[in-house]
Amino acid sequence: MAKLLYAFSCSIDGFIAGPGGDMSWLTPFLGPPPADLLPRIGALLVGRRTFDGDDPHKGGPGEGKAFGGGWEGPQVVLTHRAPGPVPGVTFAADLATAVSMAKAAAGDKYVNVLGAEVARQCLEAGVLDEILALPVPVLLGSGVRVFSRTGPPVRLSPVGPSWYRVEY
């Protein structure tokens with residue numbers, strides 16, 4: 001059965017995007033994700049701000065494509081404001097439906113969560129299984145935090161380098 005994975009690049013000070021969702025800071029650091037990651041992703045669960053947001057591949061051949069064109073497959077976008085039809089994209093209005101649809105689409109592979117707010121919701125709902133943190137050598141100082149939440153600590157157990165299992 002599919003697992004939910006929050007795989008992200010972040011600044012050393014804990015931001016996945018700069019002020020206003022700016023992703024241009026990441027462009028100089030773009031490279032291929034860990035070699036074994038992309039083939040293990042079966043579907044994406046994406047927040048609406050991430051779906052509509054800035055693209056670190058802007059101006060390049062991978063603009064507008066998942067992982068700069070390195071991955072193709074089904075995407076489920078969590079939103080209350082679904083636009084018209086988008087090929088390969090399904091829109092869901094609530095987290096439980098979005099997670100269910102993404103897991104069904106992923107089969108026995110990972111559902112990769114994209115977007116800090118969706119990742120936070122998944123964590124708080126107890127459905128986020130694993131986290132892959134890929135720190136980038138830059139200090140942004142402000143922007144969109146990896147996790148912006150209150151509550152008790154969440155324990156993680158190591159699975160591999162920068163890869164953790166969420167312990168509920």
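Q: Where does Gly-151 sit?
A: Gly-151 is in the loop between strand S8 (144-145) and strand S9 (155-160). Strands (E, at least two residues) and helices (H or I, at least four) are DSSP runs, numbered from the N terminus. This is a predicted model, where local features need pLDDT of at least 70, side-chain atom pairs count only at pLDDT 80 or more, and totals for chains, interfaces and linings use all residues. Residues are numbered from 1 along each chain as its sequence is written, and side-chain values use heavy atoms, with hydrogens and water left out.

Q: Is Gly-151 buried or exposed?
A: Gly-151 is exposed, at 55% relative accessible area. Exposed means over 50%, buried under 20%, and partly exposed in between (1.4 Å probe, protein chains only).

Q: Switching to rings: how many aromatic pairs are there?
A: The count is four. Rings of Phe, Tyr and Trp (its six-membered ring) pair if their centres lie within 6.5 Å; planes under 30 degrees apart count as stacked, over 60 as edge-to-face and the rest as tilted. One of the pairs is Tyr-6 with Phe-8, which is tilted, with 4.6 Å centre to centre and 40° between the planes.

Q: And are Tyr-6 and Phe-8 buried or exposed?
A: Tyr-6 is buried at 1% relative accessibility, and Phe-8 is buried at 10%.

Q: Why is the pair of Phe-51 and Phe-91 edge-to-face?
A: Because their planes are at 85°, with the ring centres 5.7 Å apart. Phe-51 lies in helix H1 (residues 48-52) and Phe-91 in strand S5 (residues 89-92), so the pair ties together parts 40 residues apart in sequence.

Q: Which residues form one aromatic cluster?
A: Tyr-6, Phe-8 and Phe-147.
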